[in-house]
Amino acid sequence: MTTPAARGPVALVLHQGSFDLRAFLRNRQARFFTLALPLLFLVIFNSVFGGHVVGPGPIKASAYYVPGIAALGVIAASFVNLVISITAQREGGILKRRRATPVPAWVLVGGRTITAVGISLVVVAGLLAFGRFVYGVKLPTSAVPGIAFTAVVGSVTFCVLGYAVSTFIQDEDAAQPVVQAIMLPLYFISGIFIPNITLPPWLRHVASVFPVQHLAAGFRHSYLPGAHGIGIVWSDIGVLAIWALIGLTVAILRFSWLPKTASG
Amino acid sequence: MSVEPVVSVRGLRKRYGQVDAVAGIDLEVERGEIFAFLGPNGAGKTTTVEILEGFRTRTAGEVSVLGVDPAEADGAWRDRVGAVLQESNAEPGLTVRESLQLYSGYYREPRDIDETIALVGLQEKAETLAPQLSGGQRRRLDVALALIGDPELIFLDEPTTGFDPAARRTAWHVIEGLRALGKTVFLTTHYMDEAEELADRIAVIAGGRIVAEGTPGTLGGRNSMASTIRFTLPEGTGADDLPAELRALVASEDGRVTLTTQTPLVHVGALAEWALGRGIDLPDLDVRRPTLEDVYLELTEEPA
């Protein structure tokens, strides 16, 4: 993996990531959807269901919603944000211009992914801190490694899926509606917005095929590490890994740096 | 320095379905020259450039750019080539300077950032977010981004399309600056005046074929093409009253008389002698050699 750039491969990925991060932080819409909206959801769902007890075991609603919304935060920072920005950059000829330089493709992908992982970790940390100090949801120190690991695996998986899905989107105007059309139903059936214990069994089976439910479940289990060793449930991580492989295959087969809507 | 051409194309063909978008062309661009590639929309210009830039595959032919086949282009080759693409938005969320910092990191030996900003005249805008620049300024930033790696060869694909005249002048000035740096420039355009102003050599493509090649002065036999002399005769005088040697040159007479001639000075002299002898003036007398635009329109004319 040699590059003609003056700096080495790792430094080059960090170079790319630092500029991607800067561009993200200056994008008001991306900031709102990624940083503010998950917190807003957490506050709303806790206001509505805060006093209730959910699930088979006696789990406080706030303890249920914090990890679920953390999954939503990771998906917003990785999948939603990435599909929208990559589609706009592809159709605007920005990806093509970057490919006209000696920068290798894996540096562009790696830099963008590292940015998403970093933002995901910040969002998850913010939501957990908010849950801890505002709703009094206990956060044992021993749970932190499992949560961080789950956040990184989830973020990478949803970045890869973002690259895959972007190949089916014609132009930037379609990007926002498409990602919401994919994610909103999954949020509803995957225990993010409503506790999935209230769903009919067949719907829970449908949800268990998709990665959203496993990311939320992964966070929820990490939260109670006492019950699950170090708090990593390998079946959930395994499903995420399978989706990452599917996404990777689709992306490798279909991803193009050139605009779809280019004229002759 | 090697004497081999920077760009060398032999028998290049690109077929889409049943149509040859590029139907077997030869091109050669020497080191240090500004080469203009002219042609109407859909003539195969952009297809050819994208093959040379390594973005498209070809159906047939031999292509060598800086001694390498662009279909097998790697990072080391891209380090030596800059490209200003026909359509490319500004880097979102980055200033002019940050955009250049990002791109300079991609290269082995990038140019100085401030110097490059000055070269395209964007010093005042260095801290402005790139998407907030005007169209002309954004295009100059594109040139700066293509230049930051200090390439030997730069592709400019229709760099001034949609510009107002002042912005075009500024852009031309920047491109002239590339010549001073010793860069080889491959310029595509459909503006004749742009090619005439900037290019050392021009090739015209139409219907996927090269229909003419030459310097701005000689393209399509422009230097040996007939000049036209035009004037309006006063009331009561007609082209039939002209002396025989001029009468033989009349190409048209519709209120205004048009003569075509290979020796404009001789025939303007004869015309003046005749008119002065009769005491008439020719206030709208006009002598014109064919413009590059005339040559181009003739070359690229669709068969009727």
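Tutor: The expected span of a helix is 1.5 Å times one less than its number of residues. The model discussed here is predicted.

Student: How far does helix 9 of chain A reach from its first C-alpha to its last?
Tutor: Helix 9 of chain A covers residues 211-223, which is 13 residues. At 1.5 Å a residue, 18 Å is expected. The helix comes close to that, with a reach of 18 Å.

Student: How many residues of helix 9 of chain A are buried?
Tutor: A residue counts as buried if 20 or more other C-beta atoms lie within 10 Å of its own. Helix 9 of chain A is mostly covered, and the number of its residues that are buried is 13 of 13.

Student: What separates the C-alpha atoms of A:Asp173 and A:Thr87?
Tutor: Along the chain, A:Asp173 and A:Thr87 are 86 residues apart.

Student: Why is B:Val6 classed as buried?
Tutor: B:Val6 lies in the segment before strand 1 of chain B. Its contacts beyond four places in sequence are B:Val29, B:Glu30, B:Arg31, B:Leu66, B:Leu153 and B:Thr184. The limit for a buried residue is 20 or more other C-beta atoms within 10 Å. B:Val6 is buried because the number of other C-beta atoms within 10 Å is 24.

Student: How far apart in space are B:Val6 and B:Glu28, C-alpha to C-alpha?
Tutor: In sequence, B:Val6 and B:Glu28 are 22 residues apart. From C-alpha to C-alpha, the two are apart by 7.6 Å.

Student: What is the order of the open sheet of 3 strands in chain B?
Tutor: The pairing in this sheet is antiparallel. Strand 2 (19-29) and strand 4 (60-65) of chain B are its edge strands, each pairing on one side only. Neighbouring strands are turned by 25 degrees against each other on average, direction ignored. The order is 2-1-4.

Student: Which residue in strand 2 of chain B stands opposite B:Leu12?
Tutor: Strand 1 (residues 7-16) and strand 2 of chain B run antiparallel and are joined by 8 bridges. Elsewhere on this pair, B:Val9 stands opposite B:Leu27. The residue opposite B:Leu12 is B:Ile25.

Student: Which residue takes a positive phi in the hairpin of strand 1 and strand 2 of chain B?
Tutor: This hairpin has 2 residues between the strands. A positive phi near 60 degrees is taken by B:Gly17.

Student: At about what angle does helix 1 of chain B run to strand 1 of chain B?
Tutor: Helix 1 of chain B spans residues 45-52. The helix lies across strand 1, strand 2 and strand 4 of chain B. Its angle to strand 1 of chain B is about 120 degrees.

Student: In strand 6 of chain B, which residue is the bridge partner of B:Val84?
Tutor: Strand 5 (residues 81-84) of chain B has both faces covered, with B:Val81 and B:Ala83 buried on one side and B:Gly82 and B:Val84 buried on the other. Strand 5 runs parallel to strand 6 (residues 153-157) of chain B, and 4 bridges join them. The partner of B:Val84 is B:Leu156.

Student: What is the order of the open sheet of 4 strands in chain B?
Tutor: The pairing is antiparallel. The edge strands are strand 11 (250-254) and strand 13 (286-288) of chain B. From one strand to the next, the twist averages 15 degrees. The order is 11-12-10-13.

Student: Which residue in strand 12 of chain B stands opposite B:Thr228?
Tutor: Strand 10 (residues 227-232) and strand 12 (residues 256-261) of chain B are joined by 6 bridges and run antiparallel. Opposite B:Thr228 stands B:Thr260.

Student: How many residues does chain A bring to the contact with chain B?
Tutor: Chain B brings 26 residues, divided into 11 nonpolar, 8 polar and 7 charged. The number from chain A is 24.

Definitions and conventions. Residues are numbered from 1 along each chain as its sequence is written. Chains are lettered from A and ligands numbered from 1 in the order in which they are written. This is a predicted model: local features need pLDDT of at least 70, side-chain atom pairs count only at pLDDT 80 or more; totals for chains, interfaces and linings use all residues. Two strands pair if DSSP finds at least two bridges between them. Axes are lines fitted to C-alpha atoms, for helices over the stretch in contact, and angles run from 0 to 180 degrees between N-to-C directions. Two residues are in contact if their C-beta atoms, placed from the backbone, lie within 7 Å. Ala, Val, Leu, Ile, Met, Phe, Trp, Tyr, Cys and Pro count as nonpolar, Asp, Glu, Lys and Arg as charged, and the others, Gly among them, as polar. A residue is buried if 20 or more other C-beta atoms lie within 10 Å of its own, exposed if 12 or fewer, and partly exposed in between; C-beta atoms are placed from the backbone.
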